Amino acid sequence: MSVSLFLPASHSPDPCSPVPKHLLAAFLFLICLAGEAQQVTIQGTATSYPGKELVAYRYQDYITWTRELLESDTVDKQGSFTLHLDVKAPTRIYLLCNHLKTPLYVEPGRSYVVDFPRKDSSRLLNQQVDQDGDLNIHPIRFKQNGAIDTTELNWLIIDYNLRFDDFWRKNYQAFVIKRMKAPLDSFSRAIHKHFATVPNAYFQSYIDYSIASTRVSTLESQNILYRDYLVNRPVGYGNFEYMTFFNQFFDKFFYQFALKPTGTPLFDAINQRGDLNETLNDLKPAPYMSNDTLRELLLLKGLNENFHNKEFSQQRMLQILEEVSHKSKVPAHRLIARNMIAAFGTLKAGSPAPAFTLPDKNGKLVNLNDFKGQYVYLTFSRSTSPTCLSDLKVLEELEKKYPLIHVVSIVLDDKPDDLKKMLKQNPKFRWVFLQGGDKETLKHDYHIYAEPYYYLIGPSGKLLLSPAPGPYDDLDELFYQITKKKEGKFKVGEW
């Protein structure tokens, strides 16, 4: 049974009914589950990827989308892998291998058998960025009689998604002409009735907030959506569907309010004083901000969205985030603030370059520390990419012209032989080439989601430019300045 767990859209209860008791119970149940972690075992096949690293990860929060690597395994020669990880509550995780990622919902104490999708060149049109795939999940059967466990979370979600797909096909025209409210309300009542006896709390919230996201896309009244899904509801920080709706509902909300007369004090609260309490108070007049918890979460979302907005001071925003990370009464907010501080500081100029040890074309291991005391121009590329190859040919001349800078090229090829083939065809590429195609953790550490990509590392192992310009982007001038040691132009701390 091949299934996709990506949402076709979203869902909600009858907008005229009171807050459903089952949903409040669901969130309370999920909160209670957040106790001791239990092991989850995932056994699978990935027959297209023998020898490749397959990793399981989740997002620590859905504001910064910070990946947390849970476990990894190397697919063996037979195409098999096994993962063991611990979770405290139902969790949406992802399996990632060779730029292909697939979602899976795991519950504490469960075991899963899955088939990772085969390579499909017709779908992976751009093989240099992560693509979404469909995981084949084997049904879980009872040991006593071999019957399928239809209460398992993935099974329930698949069942719901098929029903929603059918509803969508029949009512797409109503969506186009903006008359979707009545059909969606009818579907919501029918689907709640059909699954009314299902005790799985996460699944009940999945239904509600997947439909809620659909209601956002139909441009339904914000006041109604707030009433039905946010007011008097616990915040589902770890719930993918809840946070998807939250992010849709409050998309660009912070900045749009700051531009209004009642919101302009936000600029002074942030830019002049960087004060958390003052900023939260200035947010209070905004619609839907009477709840202290929602207001602080919206502030975090707003700071995240606008960190690179030149109308706000980054230094003052970091000051506020530091205060949230230490003083917030909500543990999830402290985590989000820490992740934001890390995200805005990780791989920034002046921060340490992530370490790595990789084989060269002959299998000899090379460590980043081998270049300590030297300038390193670090490149991430792919032998089979025309764009990457074009850049490397320009880099060839610069590498000869500026011997003070050591070029290190990490090649993310699927097949190690591709690197050897490229070097044989380009004998003038005489600098260090390393094989990193199967190192998902390396790509994660350096935020490599597309190639080519470049960093400049200084003699003490810290990043000088992150990212650095490519060979076509004034790199000649940059290398010249380093060689001539015109330190006054660069104030990073080690030029």
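Leaving aside neighbours within four places in sequence, which residues is Phe245 in contact with? In this predicted model, Phe245 meets Tyr209, Ala212, Ser213, Val216, Leu225, Tyr229 and Leu230.

## The nonpolar cores

Phe245 belongs to the largest nonpolar core, a set of 70 residues. Helix H4, running over residues 201-217, supplies the largest share, eight residues.

There's also a second, separate core of 24 residues, with Leu85, Leu104, Tyr112 and Ile140 among them. As a general point, nonpolar side chains in soluble globular proteins tend to be buried together.

## Around Leu266

Leu266 counts as buried because its relative accessible area is 0%, against a cut-off of under 20%.

Not counting residues up to four places away in sequence, Leu266 touches Phe254, Phe257, Ala258, Thr279, Asp282 and Leu283. Tyr255 sits eleven residues from Leu266 in sequence, with 9.4 Å between their C-alpha atoms.

## Two cavities

The model has two cavities of 30 Å³ or more. The largest has a volume of about 80 Å³, and eleven residues line it, with Arg67, Leu96, Glu440, Lys443 and His444 nearest its centre. Strand E3 (67-74) and helix H15 (440-445) each give two or more lining residues, and H15 has the largest share with three. By class, that lining is five nonpolar, two polar and four charged.

The second largest cavity holds about 50 Å³ of space. Of its eleven lining residues, Ile137, His138, Pro139, Glu152 and Trp155 lie nearest the centre. Helix H2 (residues 153-176) gives the largest share, three residues, and the lining splits into seven nonpolar, two polar and two charged.

Methods. Residues are numbered from 1 along each chain as its sequence is written. Side-chain values use heavy atoms; hydrogens and water are left out. A nonpolar core is a set of buried Ala, Val, Leu, Ile, Met, Phe, Trp, Tyr and Cys residues joined through side-chain atoms within 4.5 Å. Buried means under 20% relative accessible area, exposed over 50%, partly exposed in between (1.4 Å probe, protein chains only). Helices (H or I, at least four residues) and strands (E, at least two) are DSSP runs, numbered from the N terminus. Contact means heavy atoms within 4.5 Å. On a 1 Å grid over the protein atoms alone, a cavity is a set of points where a 1.4 Å probe fits but cannot get out, and a pocket is an open set with protein on both sides within 12 Å along at least five of seven lines; lining residues have an atom within 4 Å of a point. Grid points are joined across faces, edges and corners, and a volume is the space filled by probe spheres set on the points. Ala, Val, Leu, Ile, Met, Phe, Trp, Tyr, Cys and Pro count as nonpolar, Asp, Glu, Lys and Arg as charged, and the others, Gly among them, as polar.
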